[in-house]
Amino acid sequence: MTLQEYDYARESPSKLAASCLLLALIMKNLGGWTPTLEYYSGYCSQDLHPLVKRLNFLLTYQPHDKLKAVRTKYSHRVFFEVAKVTPMDMLKLEEILKSC
């Protein structure tokens, strides 16, 4: 989704990928940012928090008239229906990120 959002063009691709991974880990309740992830990504959890919040905001308030093909594709079983995953509540996300 960020590929078509100009605001994300200035972000480093590695930081964007790391932030997406952290958000996915939190959304799926799979834990947080581990020392191994920090070592291999080069980012500590606190470096990613602002971008994680922006990504969740993008998921929460996504325009439904754009990206229909992307949403349809990733709503399929083959892609684990990730387009149907409910975004995190912003306050709950903030609380979880503070504990990371």
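Colleague: Into which accessibility class does K53 fall: buried, exposed or partly exposed?
Modeller: This is a predicted model, in which local features need pLDDT of at least 70 and side-chain atom pairs count only at pLDDT 80 or more, while totals for chains, interfaces and linings use all residues. Residues are numbered from 1 along each chain as its sequence is written, and side-chain values use heavy atoms, with hydrogens and water left out. Buried means under 20% relative accessible area, exposed over 50%, and partly exposed in between (1.4 Å probe, protein chains only). K53 has a relative accessible area of 28%, so its class is partly exposed.

Colleague: With which residue does K53 form a salt bridge?
Modeller: A salt bridge requires a side-chain nitrogen of Lys or Arg within 4 Å of a carboxyl oxygen of Asp or Glu. K53 meets such a partner at 2.9 Å, N to O, and that partner is E94.

Colleague: How far apart in sequence are the parts that E94 and K53 tie together?
Modeller: Helices are DSSP runs (H or I, at least four residues), numbered from the N terminus. E94 lies in helix α5 and K53 in helix α3, so the separation in sequence between the parts they tie together is 41 residues.

Colleague: What is the distance between the end C-alpha atoms of helix α3?
Modeller: The expected span of a helix is 1.5 Å times one less than its number of residues. Helix α3 has 16 residues, 45-60, and should therefore span 22 Å. The model agrees with this expectation, as the end C-alpha atoms lie apart by 22 Å.

Colleague: At which residue does α3 bend?
Modeller: The bend at a residue is the angle between axes fitted to the seven residues ending there and the seven starting there. For α3 this angle is about 30°, and the residue is L51.

Colleague: Against which helices do the buried residues of α3 pack?
Modeller: The buried residues of α3 are S45, L48, H49, L51, V52, L55, N56 and L58. They pack against α1 (13-27) and α5 (90-99).

Colleague: What is the relative accessible area of N56?
Modeller: N56 is found in helix α3. Not counting residues up to four places away in sequence, N56 touches L23, P87, M88, M90 and L93 (contact means heavy atoms within 4.5 Å). N56 is buried, its relative accessible area being 0%.

Colleague: Which residue forms a salt bridge with R54?
Modeller: The charged end of R54 sits over the ring of Y8, 4.6 Å from its centre; this term requires NZ of Lys or CZ of Arg within 6 Å of the ring centre and within 35 degrees of the ring normal. R54 also has a salt bridge, with the closest N and O atoms 2.8 Å apart, and the partner is E11.

Colleague: How many residues apart in sequence are the parts joined by R54 and E11?
Modeller: R54 is partly exposed at 26% relative accessibility, whereas E11 is buried at 17%. R54 and E11 form a salt bridge. R54 lies in helix α3 and E11 in the segment before α1, so the separation in sequence is 43 residues.

Colleague: How many aromatic pairs are counted?
Modeller: Rings of Phe, Tyr and Trp (its six-membered ring) pair if their centres lie within 6.5 Å; planes under 30 degrees apart count as stacked, over 60 as edge-to-face and the rest as tilted. By this rule the count is three.

Colleague: What is the geometry of the pair formed by Y39 and Y40?
Modeller: The ring centres of Y39 and Y40 are 4.9 Å apart, with 85° between the planes. The geometry of this pair is edge-to-face.

Technical notes:
Helices (H or I, at least four residues) and strands (E, at least two) are DSSP runs, numbered from the N terminus.
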